[in-house]
Amino acid sequence: MSDTRPLLETRALSVGRGGVGLLEGVDLRIMPGSALVLRGPNGSGKTSLLRTLAGLQPPRDGTLEAEPDDIVLAGHLDGVKPTLSVAENLRFWAEIFGTSGIEQALRTFDLDRLRDRMAASLSAGQKRRLGLARLIVAGRKLWLLDEPTVSLDQEATGLFASAVRAHLDQGGAAIIATHIDLGLAPIEHMDVSRYRAAPPAPDDFDEAFA
Ligand SMILES: Nc1ncnc2c1ncn2[C@@H]1O[C@H](COP(=O)(O)OP(=O)(O)OP(=O)(O)O)[C@@H](O)[C@H]1O
């Protein structure tokens, strides 16, 4: 039976950062098997939106419906533990997420040859691959990805795109802040600057200096 319920739905969601409103009126509906690419200039609020969807910060307004246990976020900080080996990092996350088995994650991101290397000694791109391998280990349905291809070469970007495609084929979903074309067509794009929050009313502004 196909699952026709959205994995995430927002209505009139408002997002801010540091007490400042960034986005308003964001309506999103993410179905199993679908991917949404977030676009927008630097500072427009992509990371803040992903953090809000992941439950790391509360919405300023509106509603967000999602099952927290369905979601995994891969952010700018890879979450890699430098004093653990590649395999130990993956086993650590498997324990955190309550899953088992790291071989598929190692294979997917071509990390097998590096399995016993201390994460501290990995190159930036290798570290990023390890951070992304955490997605496989997590076993969650909705991937929230913030600039996932930073530091990745063309080959590793291809591995990542294949991993996303396989995830979608298995009924997973992804929201990806990225400026590059991952070749995942057909795919929806959303420019977050469409939802830019109105600046504070002049009265509020004056009040701050009263
Ligand atoms: N911790 C913070 N405290 C206050 N303001 C912040 C904080 N982090 C980010 N901001 C501000 O919030 C705004 C949105 O930032 P955000 O990181 O969400 O944008 P972005 O679209 O992801 O940008 P980029 O494309 O550069 O990654 C920016 O003006 C930024 O300076």
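**Group meeting: a sheet, a helix and a ligand shell**

Strand β1, residues 8-17, pairs with β4 in the antiparallel sense over 5 bridges. Strands here are DSSP E runs of at least two residues, helices are H or I runs of at least four, and both are numbered from the N terminus; two strands pair if DSSP finds at least two bridges between them. This is a predicted model, where local features need pLDDT of at least 70, side-chain atom pairs count only at pLDDT 80 or more, and totals for chains, interfaces and linings use all residues. Residues are numbered from 1 along each chain as its sequence is written.

Within that pairing, Thr10 stands opposite Leu64 in β4. The sheet is open, with 3 strands in the order β2-β1-β4 and antiparallel pairing. β2 (20-30) and β4 (61-66) are the edge strands; each has a single partner, so one side of each has no neighbour in the sheet. From one strand to the next, the twist averages 30 degrees. Angles run from 0 to 180 degrees between N-to-C directions, with axes fitted to C-alpha atoms, for helices over the stretch in contact.

Helix α1 lies across β1, β2 and β4, at about 125 degrees to β1. Contact means C-beta atoms, placed from the backbone, within 7 Å.

Now the ligand. Which helix gives the largest share of the shell around the ligand? Helix α1, residues 46-53, with 3 residues. The residues surrounding the ligand include Arg17, Leu22, Lys46, Thr47 and Ser48, the cut-off being a C-beta atom, placed from the backbone, within 6 Å of the molecule.

Last, Arg194 is in the loop between β8 (188-191) and α6 (202-208). Its C-alpha atom is 8.5 Å from that of Leu23, 171 residues apart along the chain.

Definitions and conventions. Contact = placed C-beta atoms within 7 Å.
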